[in-house]
Amino acid sequence: MTKDELAKRLEHQSLRQLHRLAKDRVSRHIRMGKTRLIQSLLQLPPEMYIQISHEMQALHSQPKPAAKRLSTAKPQTPSARTPRRSPETSTSSPSDPLTTMGELLDGIGVPAPASFVPDAWQEEAIAYLTSSDVIVSVPTGSGKTYVALEAIRRAIENERTVIYTSPLKALSNTKLTEFSHIFGADQVGILTGDRKDNPHAPVLIMTTEILRNLLYDATSGEIDVRLDTLGLVIMDESQYLADPERGVVWEETIIFCPTQARLLLLSASIGNPEEIAAWMTSIRSTPCQLISHRNRSVPLRGGYLHPNGKLTPLFKTKEIAQGKGYAFHPETKRLFAQYESETLGGRYRR
Ligand SMILES: Nc1ncnc2c1ncn2[C@@H]1O[C@H](COP(=O)(O)OP(=O)(O)OP(=O)(O)O)[C@@H](O)[C@H]1O
Ligand SMILES: [Mg+2]
């Protein structure tokens with residue numbers, strides 16, 4: 001098969017089929033649009049053309065996979081999974097009404113002041129922490145911080161120390177400012193590769209790597225006195241358990257965490273929290289309770305900003321539906337194709 005023949009056949013494939021053909025052949029293909037995908041496939045060695053052509057035939061004879069399968073597949077190992085949902089798994093029908101810019105922006109702004117009432121799941125998580133480790137796996141913007149703050153407040157009241165870990169130095173710095181405002185600057189310290197401030201404060205913020213190293217030192221006999229009084233370890237953004245390179249740090253931190261300390265794992269995106277909770281229960285002396293729901297208190301909206309300044313809704317619907325696939329807004333598709341041809345058109349030769 002010649003390059004031109006393959007190019008013609010690829011041109012007739014849907015974006016989803018092109019991605020499946022590019023899987024394991026083209027790095028970072030998931031970020032590419034149709035034009036770049038075809039371009040990348042054509043750059044593969046010619047001996048692969050026949051194989052690709054056979055796969056194309058096979059793809060056409062296969063029934064379309066059900067959208068649900070992507071999010072319900074069972075993991076092979078107990079390591080954390082990041083749930084993935086592809087725009088190509090849309091379940092919206094072509095007749096669904098399209099959202100407009102007015103609808104997309106409607107309701108965005110500062111809400112009217114109201115008194116703070118904790119949600120039932122927040123109270124439940126805090127209550128469980130008195131006797132269990134807890135994993136909070138709820139959507140972004142749900143209020144995980146409140147659970148962390150309340151747990152810290154109670155630990156301080158009980159004269160226990162707290163370690164709060166985050167995967168990023170920048171997030172650690174932000175938390176230092178936030179917690180210092182709430183608990184007082186003398187109550188909060190930070191330990192990262194770049195910074196060491198107030199290291200004997202009852203609430204200590206650090207990157208997960210620093211805590212893991214601290215726990216290594218403790219197991220080798222150099223016991224840091226603060227580990228004896230440690231009452232609570234909060235691991236924010238704990239979906240890093242699934243990170244191919246850094247995940248082991250989270251895993252070891254959980255394994256080496258002193259038994260008297262409660263562990264609180266926070267994440268919006270652990271794909272298999274039940275398994276992680278079962279694993280923690282099996283390796284630690286305290287059971288691990290899971291608090292999990294998928295209700296978005298802050299609806300997630302998506303817009304596409306073309307470099308020419310034009311903003312369009314990213315998806316056909318105003319909000320990104322939970323547990324459903326989603327489809328790109330046709331205007332976004334058009335603008336994206338325009339962007340591709342403007343930026344790549346001149347260079348794309350077959
Ligand atoms: N029970 C509640 N009622 C109303 N607003 C709340 C409640 N709990 C938290 N909030 C508010 O919701 C917003 C988002 O909370 P927060 O930053 O804790 O989310 P999060 O779950 O940590 O999100 P992320 O996954 O992005 O880290 C904050 O402004 C917070 O004050
Ligand atoms: Mg948060």
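Reply:

D24 is exposed, since its relative accessible area is 75%. Here buried means under 20% relative accessible area, exposed over 50%, and partly exposed in between (1.4 Å probe, protein chains only). This is a predicted model, in which local features need pLDDT of at least 70 and side-chain atom pairs count only at pLDDT 80 or more, while totals for chains, interfaces and linings use all residues. Residues are numbered from 1 along each chain as its sequence is written, chains are lettered from A and ligands numbered from 1 in the order written, and side-chain values use heavy atoms, with hydrogens and water left out.

D24 sits in the loop between α2 (15-22) and α3 (34-42). Helices (H or I, at least four residues) and strands (E, at least two) are DSSP runs numbered from the N terminus. D24 is not a glycine, yet its phi is positive, at about 65°.

E237 is another non-glycine residue with a positive phi, about 55° in this case. E237 belongs to the loop between β6 (230-235) and α12. With a relative accessible area of 29%, E237 is partly exposed.

A salt bridge is a side-chain nitrogen of Lys or Arg within 4 Å of a carboxyl oxygen of Asp or Glu. The structure holds 13 of them. In one, R212 pairs with E252, and the closest N and O atoms are 2.8 Å apart.

Another salt bridge joins D194 to K169, with 3.4 Å between the closest N and O atoms. D194 is in the loop between β3 (188-191) and β4 (196-197) and K169 is in helix α9 (residues 169-183), so the pair ties together parts that are 25 residues apart in sequence. D194 is exposed at 62% relative accessible area, whereas K169, at 38%, is partly exposed.

K310 and E331 form a further salt bridge, their closest N and O atoms being 2.9 Å apart. K310 lies in the loop between β9 (303-305) and β10 (311-313) and E331 in helix α14 (residues 330-344), so parts 21 residues apart in sequence are tied together by this pair. K310 is partly exposed, with a relative accessible area of 38%, and E331 is partly exposed as well, at 21%. Elsewhere, D133, R262 and R284 are linked in a network of salt bridges.

L105, I108, L305 and L311 make a nonpolar patch of about 390 Å². Patches are made of residues with over 30% relative accessible area and no salt bridge, like charges being joined within 9 Å and nonpolar side chains (Val, Leu, Ile, Met, Phe, Trp, Tyr) within 5 Å.

L204, in strand β5 (residues 203-207), is buried at 1% relative accessibility. The C-alpha atoms of L204 and I190 are 5.4 Å apart, while the two residues are 14 apart in sequence. V147, in helix α8 (residues 144-157), is buried at a relative accessible area of 0%. V147 and E123 are 24 residues apart along the chain, with 7.7 Å between their C-alpha atoms.

That leaves the ligand. Around ligand 1 there are 13 residues, the closest being Q122, T140, G141, K144 and T145; a residue counts if one of its heavy atoms lies within 4 Å. An oxygen atom of ligand 1 is 2.5 Å from an N or O atom in the side chain of T140. For K144, the distance from a side-chain N or O atom to an oxygen atom of ligand 1 is 2.8 Å. V117 places a backbone N or O atom 3.0 Å from a nitrogen atom of ligand 1. On its own, ligand 1 has 640 Å² of accessible area, and the protein covers 57% of that; such areas come from the Shrake-Rupley method with a 1.4 Å probe.

How values were computed. Polar contact = N/O pair within 3.5 Å; in protein donor to acceptor, adjacent residues only side chain to side chain.
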